[in-house]
Amino acid sequence: MIVSRLMQLTGKVLSVTGIAGLWIFPANVQAEWKVNLQRPITEIARVQYDLHMMIMAIITVIALIVFAVMFYSIIRFRKSKGAQPAKFTHSTKAEVLWTVIPTLILIGMAVPSTKALLLMEDTTESDMVVKVTGFQWGWHYDYMEENVSFYSMLATPQSQITGSETKGENYLLEVNNHLVLPLGKKVRFLLTAKDVIHAWWVPQLGGKKDAIPGFINEMWVRADETGIFRGQCAELCGKDHGYMPIVVEVVDDAQYQAWLEGRRNQG
Amino acid sequence: MSAAHGGYYLPGPTKWPMITSMGLFLLALGFTLQIHHLAPGPWLMAAGAIIIVLMLYAWFSQVATESEAGRYDAQVDTSFRMGMGWFIFSEVMFFAAFFGALFYTRVLSVPWLAGEEMLWPGFEAAWPTAGPQGAAYIGPDAHEVAPGQFSSIGAFGVPLLNTILLLASSVTVTIAHWALKKNQRAKLNFWLFVSVVLGFAFLYFQAGEYMEAYNHLGLTLGSGVYGATFFMLTGFHGLHVTIGAITLTVILVRCLRGHFKPDEHFGFEGAAWYWHFVDTVWVGLFIFVYIL
Amino acid sequence: MTSTVADHHHDEVPKGITRWLFTTNHKDIGTLYLWFAFIMFLVGGAMSLIIRTELFQPGLQVVDPHFFNQMTTVHALVMVFGAVMPGFVGFANWMIPMMIGAPDMALPRLNNWSFWLLPPAALLLIISLFVPGGGPAAGWTLYPPLSSQGGMGVDFTIFTVHLLGMSSILGSINIIATILNMRAPGMTLMKMPLFVWTWLITAFLLLAAIPVFAGAVTMLLTDRHFGTAFFDPAGGGDPVLFQHIFWFFGHPEVYILILPAFGIISQVIPTFSRKPLFGYTSMVFASVGIAFLSFIVWAHHMYTVGMPLSGELFFMYATMLIAIPTGVKIFNWLATMWRGSMTFETPMLYAIACVALFTVGGLTGLTMSITPADFQYHDTYYIVAHFHYTIFAGSVLGMLAGVYYWLPKWTGHMYDETLGKWHFWLTVIGFNITFFPQHFLGLAGMPRRIPDYALQFADFNQVSTIGAFIMGFAQLILLVVVVKAIRGGKEASSEVWENPEGLEWTVPSPPPYHTFATPPQVR
Ligand code: HEA
Ligand code: HEA
Ligand code: CUA
Ligand SMILES: [Cu+2]
């Protein structure tokens, strides 16, 4: 009796709070499963990450409070336990309290968010400019000062997509030409598109920005780490929206110059 | 709130609405086929339109008959008034979408486009404009427009005349309303007739403007955002004037048949409200589309 | 005029198919709406199962990408405009006249038309899937220039929107006129049940938002076929203009979807807590506040389009504010349960799950209102998780609470409580299995609207698909429950529950064809 009641209750708690999903996973694979934002490697991405963690913490606490009150009531004030209904219909004090406290919490969240936004929108004093043009379905990159430009498109073979070949490690996240960027340089991106709206997004570099035909959007990136970082088009752009990945390769300055040279020679 | 619930008129089963919907379905289906140049398009559209017109005629006749038979009490009347009032509000919001488009383009997006030197070299912010790749603009009412040019319609010619016509018709409808309230039937009929004439006169001149725009000014739906906003706003307005004028005509016929009572004439008032709404929208158009 | 309600043929219930085709009776029309909504729910749900099946594994297995996009688009359109909105109008039709003591809706013929606009609209949308070029595939948001590319199906969709819009506008006019003009003597505004209040506010939202949407798709139509350049930069237009207009409609739309559910919850929780609703007045004002704010926050869907900084800041602050009135509602419900005497019949279970899970969805919504963070969340599965937690857990679970709450009133028979509980648990557990992992997917970087994905997203997608099937097939239980209750079962008393509040419980179950021939006197 007690046991079944308890199980019923646990079931309720788990499902209603939505954690049920987490519990049915086998524990051994859990570690590999990514459940949070990818590790940031630029200042912007880091600011976003920290902001994200802060608001997640706040909303988790709020959610827990709401659930705690709710389940306390559910357990405590049930008719089967002989609870007698009270008669009150309002309480000005309580109502003021739960208007004012959330307001304060919101203000607390708005301040760092405003700061973060100001940082992100500041594209001045950049070291170099790359023009990014989205099209159906791929990207075109133009290193404006360097006279280097090229197309970058999905490199995953069709056979992996249809399943006649096993899928490679970077399935769908590999392209023929990487976008190569120098370490520690502030790169200003000018984004536009040829046909429909696309959005350029590499999670580890920071947020996304739409590439809109006829208009130019700006964003900037300064990578703190070398390596290969992958992303995808993030605005529905037709049939192959799922097949226009982005691969950014961050290298040190010497390698970058060498790469530029090689690119130029390719014509 | 009236307490006369016991007498609230509840109509019995009705077939008009659902057949009207079928008409609308055929109209939409036919229109789509027509856009894509598929053969049955026009036929379906015609069938749909005929069904709709017939159904509306039948529906409204029934309502008019019930009204004249004294079926509707004051509370029903209030329901009708609320219905009409909030319907007009929804129409206002429909126009708001197009006015919003106009303001957005003029104030924000055209200047932004002009700022994109890299994409649209040499394009300058101006209004009217047909955009970076559209035709060049050469001033209001210019009659000699070469290919690749367009011209707009000046505010103080026909549009001003049309403004006067519509505002006058609003006044005459109001005079007719006063006459109805005082049960001066001859006066009512006369001023209502004048209103209808003014309304159709407006449409006549508006049609003339459109012909002028298409035939001589190079101003078409395709003249970039200017042409788009111009024709969508004035066009939907014109459509509403047409509906309003037809409604007033119907009301005129009913007046001539002796319908409506000095203290009970929702049909008349509904049409008059609609007419005032159409006028008000025109004033907005005159200011924001023609003058500014 | 005598005091008989209406024509004589009106006192007995008409028979046969024409009863349903030609009816002007609010209960019959309500029933039609509810069945229509349920069928659309199954159709839209079936499409979501196609989506989930394709996403079960990485790679393309069942559908091609173009068809996948059509499924995503039409799933959303069918659910939003075919299932949830008509479902709530069905509730409004059935309940509002009964709750305010009116003989019927204010404009019964118009009411019939509002309903009968829906089937042709749905038909057009379904046809669109079978014409050359297929149905709309640009997402339910129909953003140009992508939506300018599709074939005839897109035009069908545009006209679908027009017809649905007419239906919604006429429906809301009727609801407003009914509430403002048909209340029984003594039923002042501040005595109205909250469900009536939230619907009144929803009706105003509809009137202000739907015509704007109609305008937007009309511009899309002329851009597609008549040479206008509203959304074409070459002609001086701007694709983002469409987004502004769409979301000016779209954001109020999401409150159109949730407010009636809030109303239902506010009826159900007091009944099963055996305690009056806490903070009635603040509930009303909170709803009004939400409605007002909903018109000034639209661009939070467009943070990444490159708005000026001032715009991004304004929309961020305004959006965050919505948490306050919504919070007031949540806390009021908690306070209603507090020190009550609760029992947990199916409607109450649904109401509780709705409040709890909507809180989750609302809170993730709050995180997305933070512009810099949304740069990461935008257009990922995190958004998909957010809005299924609000739309499904908020609107649909709220609606299900209402179905179980009033089913005995509608049919005159108690529903099968055991089946109801099964339905509840399978739905809620299935729901969480489906959508909770999607938060993780989104954060880890999975974009939405893709038919195929990178390998690291495989596991959670698999879980999600399994959940979707559990949740999906659980809905067939609802069908059984409803049919059983219509066919027979334990007779329901007029009160049905223990001392519920409201005029609808003063009349027999099922209520007579014309409920209040003479208006009841309210205290
Ligand atoms: C029923 C539908 C519904 C509802 C009610 C909501 C409610 C909210 N939504 Fe949601 N939303 C959608 C449906 C809905 N949404 C849909 C369909 C989309 C995607 C559209 C598309 O792109 O296809 C979307 C997308 C969406 C976005 C865009 C994301 C993006 O594309 O980048 C944003 C951003 O701000 C947002 C925010 C919010 C907020 C702040 C609320 C708020 O109303 C929530 C308020 C509630 C709470 C906050 C919880 C309860 C409060 C408390 C317990 C009090 C204490 C709290 C604090 C002090 C924090 N929503
Ligand atoms: C009210 C709104 C609503 C509702 C109720 C739902 C319900 C569901 N939704 Fe949906 N959804 C949206 C609104 C809604 N959704 C919107 C607005 C989008 C965004 C679209 C866009 O990006 O443009 C979206 C997108 C969306 C996606 C993302 C698609 C993508 O980005 O590509 C997914 C993926 O999992 C999904 C899944 C589901 C599931 C599993 C359900 C389930 O809850 C459904 C449960 C019900 C059933 C499964 C019915 C079961 C029926 C049967 C088993 C019987 C079948 C038999 C017959 C038909 C006779 N939805
Ligand atoms: Cu390009 Cu999506
Ligand atoms: Cu929104």
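Mentor: Start with the packing of α2(B). Its buried residues pack against two helices of chain B, α1 (16-35) and α6 (224-256), together with α4 (108-116) of chain C. Keep in mind that this is a predicted model.

Now the residues themselves. The buried residues of α2(B) are G41(B), G48(B), I52(B), M55(B), A58(B), W59(B), A64(B), E66(B) and S67(B).

Check the length next. Helix α2 of chain B covers residues 41-68, which is 28 residues. At 1.5 Å a residue the helix should span 40 Å, and because its end C-alpha atoms are 40 Å apart, the two values agree. Just after α2(B), G70(B) has a positive phi of about 75°.

Chain C also supplies metal donors. Take the iron atom of ligand 2. H75(C) and H388(C) are its protein donors, each through NE2, lying 2.0 Å from the iron. The site is octahedral, with angles of 86 to 179° among its six donor atoms. H75(C) sits in helix α3 (residues 65-100) of chain C and H388(C) in helix α15 (residues 381-411) of chain C, so the pair ties together parts that are 313 residues apart in sequence. Both H75(C) and H388(C) are buried.

Stay with α15 of chain C. H386(C) is found in this helix too.

Finish with chain A. Here three strands form an open sheet with mixed pairing, in the order β4-β10-β9. Its edge strands are β4 (179-182) and β9 (227-232) of chain A, each pairing on one side only. From one strand to the next, the twist averages 25°.

Look at one pairing in that sheet. β4(A) and β10 (residues 245-251) of chain A run parallel, joined by four bridges. V180(A) has E249(A) as its bridge partner in β10(A). A helix covers this pair: α7 (residues 253-266) of chain A packs on the sheet and touches β4 and β10 of chain A. The direction of α7 makes about 140° with that of β4(A).

Key
Residues numbered from 1 in each chain as written. Chains lettered and ligands numbered in written order. Predicted model: local features only at pLDDT ≥ 70, side-chain atom pairs only at ≥ 80, totals over all residues. Heavy atoms only, no water. Donors = N, O, S within 2.8 Å, 3.2 Å for Na, K, Ca; no water. Tetrahedral: all angles 85-135°; square planar, octahedral: opposite > 155°, others 65-115°. Buried < 20%, exposed > 50% of the residue type's maximum accessible area, 1.4 Å probe, protein only. Pairing = 2+ DSSP bridges. Axes fitted to C-alpha atoms, helices over the stretch in contact; angles between N-to-C directions. Contact = heavy atoms within 4.5 Å. Expected span 1.5 Å × (residues − 1).
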